Amino acid sequence: MEGIELEQAVELLLTKAKVPQETEEVPLTSALGRTLAEDVRADFDNPPFDRSPLDGYALIAADTVDATRENPARLRLVGEECAGDFFAGTVNPGEALCIMTGGAMPQGTDAVIRQEDVTVTNGLLEVPYPLKHHENYCLAGEDIKQGTLLIRQGEVLDAPRIGVLASQGHAKVKVCRRPRLALGGTGDELLQPGEPLAPGKIYNSNLYLLAARLQELGAETKILGIIPDDPQGAADQLRRCLDRADLLLTTGGVSVGKKDIMHEVIKLLPAQRLFWGVQMKPGYPLLAYEAAGTLGLALSGNPFAAYTTFELLARPLIDKLSGRTPRPFPRLKAALKNDFPKASPGRRFIRACCDIATGTVSIPSQHSSGSLFSAIGCNALINLPAGTGKLAAGDRVEVLLL
Ligand code: AMP
Ligand code: MG
């Protein structure tokens, strides 16, 4: 097999990627999955004040040193404070304040006794055991200290991060703009779903497969639809996307057949070819190019080849274009559940379903690159190095989790 090694191809694409520098402010409710554009530090302690972790009574621990069930400490109740209230007074020795979870610890107190452990008679609180300094006491800044670096630029906003931003009072957050992609499928055989099926035609499944993945990855996608097998028309269509798109992504027309127009298209764009052919199966015929600073990837039209190469090459690139460090695939060794009686003279990726708990992996019986159906339920790619022989159930293989 000629062509570039996969890892080299990814490296080259990442080096060539021009990461968009624009940022935007989005409300927290729209921030999920976005990349943070600047470091965020804590402006204040959280919680902002010392508070009670339970429903009970705030008191002075020193008042309870000799308390026993038979001879409880008796403290005078001076008021009540629920979460959100603020008791402005001071609790003096011999006194206590009824306090609810989340209530600010009143001045003078240093411990809380649980409501269930006390009795109250005639405004007197009976404490049946001694409390320690700061027992049942939550200190200001216990969660977050003022000045702490909370989230770094480039981190992806997930639910905990969004919650932390909210706890610091941020209503909006500065994020990197989404990468913009232009997505099309080449092929005179293609129909859009919704059109009636006709002899010799198939539906453009790749477009929807990849558009869905791009949506999952948080990219902004311009759908070009079906690009006919006409090099000039295809080049014109792609050229019109250059001023806006960060990446041109197409499938089909990239092998060595009569209608493999993409070789001609990049001459007409014009674009500079970065490489053609990646040492892997499926998806070997893959053309990477650069036109006026915009990267282009022309993937094989076979749906599973398009899917595999999208995951292995386009996904890291889209991560980078999103302002983040590409996520490595989680890798593990797993035992095959079934035989794979094909030798792999070249590097091969096989769709598979990996059961992480048992460390086993199974390959669906239909796994040709033209077949998409069996990809449903697959969560992994088996990575077979070039020169791997036939495999039998029980053999251990390397698995990349998608
Ligand atoms: P190509 O890479 O253009 O030679 O196409 C390889 C195979 O994939 C052919 O069988 C095509 O009909 C099929 N194919 C190409 N593009 C698509 C697409 N967008 N959706 C589904 N199948 C496709
Ligand atoms: Mg084609």
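Guide: Leu-181 stands opposite Leu-247 of strand S15. The two strands concerned, S11 (residues 180-186) and S15 (residues 247-251), pair in the parallel sense over five bridges. Two strands are said to pair if DSSP finds at least two bridges between them. The labels follow DSSP runs numbered from the N terminus, a helix (H or I) having at least four residues and a strand (E) at least two.

This is a predicted model, in which local features need pLDDT of at least 70 and side-chain atom pairs count only at pLDDT 80 or more, while totals for chains, interfaces and linings use all residues; side-chain values use heavy atoms, without hydrogens and water. Residues are numbered from 1 along each chain as its sequence is written, and chains are lettered from A and ligands numbered from 1 in the order in which they are written.

The pair belongs to an open sheet of six strands with mixed pairing, arranged in the order S14-S11-S15-S18-S17-S16. At its edges are S14 (220-227) and S16 (272-276), each of which pairs on one side only. On average, neighbouring strands are turned by 20° against each other, direction ignored. Such angles run from 0 to 180 degrees between N-to-C directions, and axes are lines fitted to C-alpha atoms, for helices over the stretch in contact.

Helices pack on this sheet. Helix H4 (residues 231-239) touches S14, S15 and S17 (287-291), and its direction makes about 165° with that of S14. Helix H6 touches S11, S15, S16 and S18 (294-299), with its direction at about 165° to that of S18. Here, contact means heavy atoms within 4.5 Å.

H6 also meets other helices. Helix H1 (residues 6-16) packs against H6 at an angle of about 25°, their axes 9 Å apart. H1 is therefore roughly parallel to H6, a description for angles under 35 degrees, whereas those over 145 count as roughly antiparallel, 65 to 115 as roughly perpendicular and the rest as oblique. H1 passes H6 in a right-handed crossing; the near helix is then turned clockwise from the far one by less than a right angle, and anticlockwise in a left-handed crossing. H1 contributes Leu-6, Ala-9, Val-10, Leu-13 and Leu-14 to the contact, and H6 contributes Leu-312, Leu-313, Pro-316, Leu-317 and Lys-320. By class, this contact has nine nonpolar, no polar and one charged residues. In this scheme Ala, Val, Leu, Ile, Met, Phe, Trp, Tyr, Cys and Pro are nonpolar, Asp, Glu, Lys and Arg are charged, and the others, Gly among them, are polar.

Helix H3 (residues 205-216) is another partner of H6 (residues 303-321): their axes come within 11 Å and cross at roughly 30°. These two helices are therefore roughly parallel to each other, and H3 passes H6 in a right-handed crossing. The residues of H3 that meet H6 include Leu-209, Leu-210 and Arg-213, while those of H6 include Tyr-307, Phe-310 and Glu-311. The contact of H3 with H6 has eight nonpolar, two polar and three charged residues.

The peptide bond from Leu-269 to Pro-270 is cis, with omega near -5°, and Pro-270 is found in the loop between helix H5 (262-268) and S16. A cis peptide bond also joins Lys-281 and Pro-282, with omega about 0°; Pro-282 is found in the loop between S16 and S17.
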